[in-house]
Amino acid sequence: MKLTDPPRRQFASDNYSGMCPEAWAALAESNPGHEISYGNDAWTQKASDLIREVFETRCEVFFVFNGTAANSLSLASLCQSYHSVLCHELAHIETAECGAPEFFANGSKVLLLPGANGKIDGAAIQHAVNKRTDIHYPKPRALSLTQATEAGTVYSVDELRAVTKEARHHGLRVHMDGARFANAVAALDVAPAEITWKAGVDVLCFGGTKNGIAIGEAVVFFNLEAAREFDYRCKQGGQLASKMRFLSAPWVGMLRDGAWLRHAHHSNAMAKRLAAGIRDLPGIKIAYAVDSNAVFAHIPKPAVQALHDRGWKFYTHVGGGEEARLMCSWDTTAEDVDQFAADLRAIVTPFVPP
Ligand SMILES: *Cc1c(COP(=O)(O)O)cnc(C)c1O
């Protein structure tokens, strides 16, 4: 393999993709000359201001290297060590962060809630909060929601308002894992404020990586009190980039002309195209509503193997069952989608002799 030959695009994850041109251009623009380090630079200021514009409010913004850090550190800022965090049983903070939320919060326990389609509802929150109220059990303090969810679904504005209302009623603060927040905004076609601070979200981990940035997520505090000393938490957690402009400049590239939403609309549309292309094939069943850029599909095991043999990479362990998870990216093309669908069709269509 020559490292200069671009490898084929895959459906394994939206973090398989490279940087989008807008992020790349801004990164290059930010390179010449010297800038103040540790976030006191013009690019970080600009990126933070653009995020405040997007959310139409005064919020505190911090850039960290990845989503695990964004989630863990922001949850730690909402909880004491004896508190607990309620989340869906498929939540990334539970299934894919190696205990980092508990670690960075010095022991705050993550408690798992069931829920159809990757979503939590008010009844589940009520049940979890009321299950135990004695001093021997970690006191529920935060609700963590993922938007778009790990199942590729999206909480509607009403669903979101209902769960955050229930959370508030029980004194819980609300954290949103928005690794795919852009896809949710694109899917709902709403102002970002409507599904964050106006719906009672205290802190959002705003994902950049899966939407076309190389490295970096923005932690956006709408609850300014919760943001106090978060800079120290980032530094102690090894998340304060000294050359911060290289984390923040790509955000300027994404936000200044709306690329973040364009890319999300595109990856969502590719997922819809993919679902439509495979939905009616024999033995194939789409597991969840295709609201964002993910398609979860039941594919017979031999067909999964045959797809892998044809060079397609994708996961079958992240949807709670054995469904294949097919993720579309900002750079997934209609041809990629159609090629995958054609390969699957060829594999699962029984051979009929002439
Ligand atoms: C990808 C992802 C993250 C971030 O993961 P990192 O690998 O730590 O950057 C967080 N939440 C969800 C739901 C994700 O899919």
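I take two strands as paired if DSSP finds at least two bridges between them. I take helices (H or I, at least four residues) and strands (E, at least two) as DSSP runs, numbered from the N terminus.

**Ground rules.** I am working on a predicted model, in which local features need pLDDT of at least 70, side-chain atom pairs count only at pLDDT 80 or more, and totals for chains, interfaces and linings use all residues. Residues are numbered from 1 along each chain as its sequence is written, and side-chain values use heavy atoms, with hydrogens and water left out.

**Entry 1, the chain overall.** I looked up the secondary structure and found 13 helices and ten strands in the protein chain. The radius of gyration is 21 Å, close to the 20 Å from the globule rule for 354 residues, so the chain is as compact as a globular protein of that length. I took that radius over C-alpha atoms, and the rule is 2.2 Å times the number of residues to the power 0.38. The C-alpha trace spans about 70 × 60 × 35 Å along its principal axes.

I then looked up burial, where buried means under 20% relative accessible area, exposed over 50%, and partly exposed in between (1.4 Å probe, protein chains only). Of the 354 residues, 53% are buried. For contacts I required heavy atoms within 4.5 Å. Among contacts with a separation of 6 or more, 76% come from residues 24 or more positions apart.

The accessible surface of the protein chain is about 16100 Å², and carbon and sulfur atoms hold 53% of that area. The areas come from the Shrake-Rupley method with a 1.4 Å probe; for residues, only the protein chains shown count as cover. I also looked up the charges: the mean positions of the 35 positive and 39 negative ones are 2 Å apart. Lys and Arg count as positive and Asp and Glu as negative, while His and the chain ends are not counted. Each charge is placed at NZ of Lys, CZ of Arg, CG of Asp or CD of Glu.

**Entry 2, a sheet of three strands.** I traced an open sheet with the order β8-β9-β10 and antiparallel pairing. β8 (285-286) and β10 (324-327) are at the edges with a single partner strand each, so one side of each has no neighbour in the sheet. β8 and β9 (residues 294-298) run antiparallel and are joined by two bridges. Across that pairing, I found Lys-285 opposite His-298 in β9.

Four of the five residues of β1 (residues 60-64) are buried, so the strand is largely enclosed by the rest of the structure. I found five bridges from β1 to β7 (residues 217-221), and the two strands run antiparallel. Val-64 is opposite Glu-217 in β7.

Six of the eight residues of α8 (residues 181-188) are buried, so the helix is largely enclosed by the rest of the structure. I listed the buried ones as Phe-181, Ala-182, Asn-183, Ala-184, Val-185 and Ala-186. Their cover includes α2 (42-55), β5 (173-178), β6 (203-206) and α11 (259-278). Asp-189 follows the helix with a positive phi, near 55°.

I found Val-190 in the loop between α8 and β6. Val-190 counts as partly exposed, at 21% relative accessibility. Leaving aside neighbours within four places in sequence, Val-190 is in contact with Val-157, Val-185 and Ile-195. I also checked Val-190 against Lys-119, 71 residues apart along the chain, and their C-alpha atoms are separated by 19 Å.

I found Thr-333 in the loop between β10 and α13 (334-348). Thr-333 counts as partly exposed at 22% relative accessibility. Leaving aside neighbours within four places in sequence, Thr-333 is in contact with Arg-9 and Met-270. The C-alpha atoms of Thr-333 and Met-270 are separated by 7.2 Å, with the two residues 63 apart along the chain.

I noted a cis peptide bond between Gln-147 and Ala-148, with omega about -10°. Ala-148 lies in the loop between β4 (139-146) and α7 (157-169).

Asn-106, a residue other than glycine, has a positive phi near 60°. I placed Asn-106 in the loop between α5 (100-104) and β3 (109-113), and at 63% relative accessibility Asn-106 counts as exposed. Glu-229, also other than glycine, has a positive phi near 65°. Glu-229 lies in the loop between β7 and α9 (230-236) and counts as exposed at 53% relative accessibility.
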